[in-house]
Amino acid sequence: MHRLLPASVGRPLGQWGISRGFRLFLGAMRLTGALRCDLSALDALRDEHGLVITPNHPSMLDAVLVTSRLPRVVCITKASLWDNLLLGGGVRLAGYVRNDATQRMIRDAAAALREGRQLLIFPEATRSPPGAGPATPAPGPFSRSFAVIAQRAGVPVQTVVIETETPYLCKGWPPLRRPPLPLRCRVRLGPRFLPGERAKELSGAVECSLRAALPGAPRQDVA
C-alpha cells in the first residue's frame, strides 16, 4: 500500500490503522484482566493540529498507550524498524520519521507538523533508568531535538505524564520474566509550552515540568 497510494491518502490511513490496532490490543488486555489503565486525558488532544507531544518514558508500552488514543500522530522511530519485514511497511505507510540522521529527522518531523500532524517524541530518547520499587522512575537525561523541531515548525509542546505501578517492560526488565498482573498505568496532561527563541530554554522548561510531575522521583539539576 505504501508503494501504491499517494502520501496524501496513505499517511492518514497508516496512522489511523496503527492507532486502531494498538487500541484493539489494549482492549484485549483489558478484557482478559491483564491491564487496568486510564488514558482518557489524551482524548482532549485528538482533534488538535500541529502539536509536539513529549511524555516521560518509563516502559516499552508508552508509545502504544499514547498512539492508541491519537489517530493522527507521527512517531520518531528507530531506523531498524524500517527494515523489519513485519513493521517496515506500516511505518512507511504512516509517514513515521527515522531517527538515524538528526538533520533529516528534524526536517521530516517539522514538515509533518506543518501539515497538521501531531508528533510523538520521547525527550529522553530511551526508557527512563530503572527506579526503586514499583513507582514510576525518574526521567533520564533529555535531548533537545524535540525543542528544535518545535521551533522549526512553530508549534507548541504538550507534556504528557505517564504513571505506572509496575516495573514490567521498564529498562532492565528481563524479556521473559513474568509480570505482576494486572498492569496498572495512568496518563495525564501536563503544561503546554510555546516555542521560544532558544531550544535550550524550551528543553529545560519541559524537563523541569516532567520531573516535577513525578513527586516521588529524585530531583536532578537541569542545565
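**Pockets and a cavity in a predicted model**

The second largest pocket has a volume of about 380 Å³, where a pocket is an open set of points on a 1 Å grid over the protein atoms alone, with protein on both sides within 12 Å along at least five of seven lines, and a volume is the space filled by probe spheres set on points joined across faces, edges and corners. Of its 25 lining residues (those with an atom within 4 Å of a point), Arg11, Ala94, Gly95, Tyr96 and Glu115 are the closest to the centre. This is a predicted model, in which local features need pLDDT of at least 70 and side-chain atom pairs count only at pLDDT 80 or more, while totals for chains, interfaces and linings use all residues. Residues are numbered from 1 along each chain as its sequence is written, and side-chain values use heavy atoms, with hydrogens and water left out.

Turning to the largest pocket, we find about 1100 Å³ of space and a lining of 31 residues, with Ala63, Ile76, Thr77, Lys78 and Leu81 nearest the centre.

Finally, what does a search of the whole structure find in the way of cavities of 30 Å³ or more? The search finds 1, a cavity being a set of points where a 1.4 Å probe fits but cannot get out. The largest cavity has a volume of about 100 Å³, and among the 13 residues lining this cavity, Ser59, Leu61, Thr164, Thr166 and Cys185 lie nearest its centre.
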